[in-house]
Amino acid sequence: MASVFEMIPLCSGSSGNSILVRVLGMNILFDCGISCKRIVEALGKVGTDPTEIDAMFLSHSHSDHISGADVFVRKYFTDIYATKETMRSFLSVCKKEHSRELDHEIDGEVVFKTVKGNVTVIACKTPHDTAGSVCFKVCCAGKSIMIMTDLGHVTDEIRALAKGVDGILIESNYDYEMLITGPYDYALKRRVEGPYGHLSNEDCAQMIKELIDSGTKSFILGHLSENNNVPDLALNTVVDYLASFGLHKEKDYCLEVARRYEPSDPMVVFA
Ligand SMILES: [Zn+2]
Ligand SMILES: [Zn+2]
């Protein structure tokens with residue numbers, strides 16, 4: 001039990017993001033973008049008590065990633081890890097103080113030593129429209145997973161880090177046609193599809209093809225837009241693109257779409 005390495009999206013999408021990673025008996029939360037109450041309910045559904053969360057990493061300061069963090073940290077005294085810029089923004093929106101001893105500024109990687117071995121979390125800069133934005137890779141015993149959302153494009157640095165990961169939750173934010181013909185005003189459309197916005201279904205499909213070529217087998221599509229995407233469209237865009245290279249779901253790779261409001265099935269790296 002304690003040697004398991006798995007990733008469970010608790011909620012995913014522009015309505016709020018949080019992902020639980022269990023590894024060597026540690027419980028690490030990545031982002032806390034719904035209310036503390038809803039995070040606690042989601043954790044309950046996957047059998048984890050909030051007091052058992054060992055660390056919380058914040059990817060960036062947008063509210064769909066941090067809105068519940070203030071209350072959660074005060075209530076459960078959780079150690080919180082973020083880049084200097086994200087930490088500053090997070091602290092500026094906290095309604096009440098928490099012990100500054102819980103705040104850890106990160107730059108690069110954090111290594112947790114457990115009795116069963118080391119767990120390394122690597123933060124990598126993402127091109128996104130807020131300062132200090134990062135994505136995360138978690139490594140343990142030669143295996144790794146990655147959480148890659150909120151990026152306008154895949155940089156060489158991210159590409160190098162992602163190469164050969166065992167599993168990944170990757171952003172499939174919008175369908176281009178839906179975005180362009182949808183309700184957003186011109187400026188917001190430009191922001192979403194721009195180099196510091198989000199990955200489209202097509203961008204995601206192309207990155208997944210690269211990752212399959214590098215050995216990755218398990219994929220979860222995440223952070224879908226509520227207005228400019230639907231789960232089947234995101235899934236089929238990837239499946240059809242990969243089929244054009246002779247790659248087929250279940251045979252060559254596993255692919256799920258993270259649920260928006262509910263915990264998704266775990267992606268198990270090792271058990
Ligand atoms: Zn987001
Ligand atoms: Zn964002």
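A: **From a loop residue to the zinc pair**

Leaving aside its neighbours within four places in sequence, Glu262 is in contact with Pro9, Leu10, Cys11 and Lys45, where contact means that heavy atoms lie within 4.5 Å. This is a predicted model, in which local features need pLDDT of at least 70 and side-chain atom pairs count only at pLDDT 80 or more, while totals for chains, interfaces and linings use all residues, and side-chain values use heavy atoms, with hydrogens and water left out. Residues are numbered from 1 along each chain as its sequence is written, with chains lettered from A and ligands numbered from 1 in the order in which they are written.

Glu262 sits in the loop between strand E13 (254-257) and strand E14 (267-270); helices (H or I, at least four residues) and strands (E, at least two) are DSSP runs numbered from the N terminus. With a relative accessible area of 37%, Glu262 is partly exposed, a class that lies between buried (under 20%) and exposed (over 50%), with a 1.4 Å probe and protein chains only. From Glu262 to Cys140 the C-alpha distance is 27 Å, and the two residues are 122 apart in sequence.

*A strand residue on the way*

Ser144 belongs to strand E10, and in contrast to the partly exposed Glu262, Ser144 is buried, with a relative accessible area of 8%. Apart from its neighbours within four places in sequence, Ser144 has contacts with Phe5, Lys137, Val138, Cys139, Val165, Asp166 and Gly167.

*The zinc pair*

The zinc ion (ligand 2) is held by His60 (NE2), His62 (ND1), His128 (NE2) and Asp150 (OD), at 2.2 to 2.4 Å. Donors here are N, O and S atoms within 2.8 Å of the metal (3.2 Å for Na, K and Ca), and since water is not among the atoms, sites may look incomplete. The angles among these four donor atoms run from 91 to 168°, and the site is irregular: four donors are tetrahedral if all angles lie between 85 and 135 degrees, four are square planar and six octahedral if opposite donors are over 155 degrees apart and all others between 65 and 115, and anything else is irregular. Along the chain, the donors of the zinc ion (ligand 2) follow the spacing H-x1-H-x65-H-x21-D. The pair links distant parts of the chain, with His60 in the loop between strand E4 (55-57) and helix H2 (63-66), and Asp150, 90 residues apart from it, in the loop between strand E10 (143-148) and helix H5 (156-162).

The protein donors of the zinc ion (ligand 1) are Asp64 (OD), His65 (NE2), Asp150 (OD) and His223 (NE2), which lie 2.1 to 2.2 Å from the ion. This site too is irregular, with angles of 90 to 166° among its four donor atoms, and its donors follow the spacing D-H-x84-D-x72-H along the chain. The two zinc ions are 3.4 Å apart, and Asp150 coordinates both. Asp64 lies in helix H2 and His223 in the loop between strand E12 (218-222) and helix H9 (231-243), so the pair ties together parts that are 159 residues apart in sequence. Asp64 counts as buried at 13% relative accessibility, and His223 is buried with a relative accessible area of 2%.

His98 is found in the loop between H4 and strand E6 (103-105), and is buried, with a relative accessible area of 11%. Between His98 and Tyr261 there are 28 Å from C-alpha to C-alpha, and the two are 163 residues apart in sequence.
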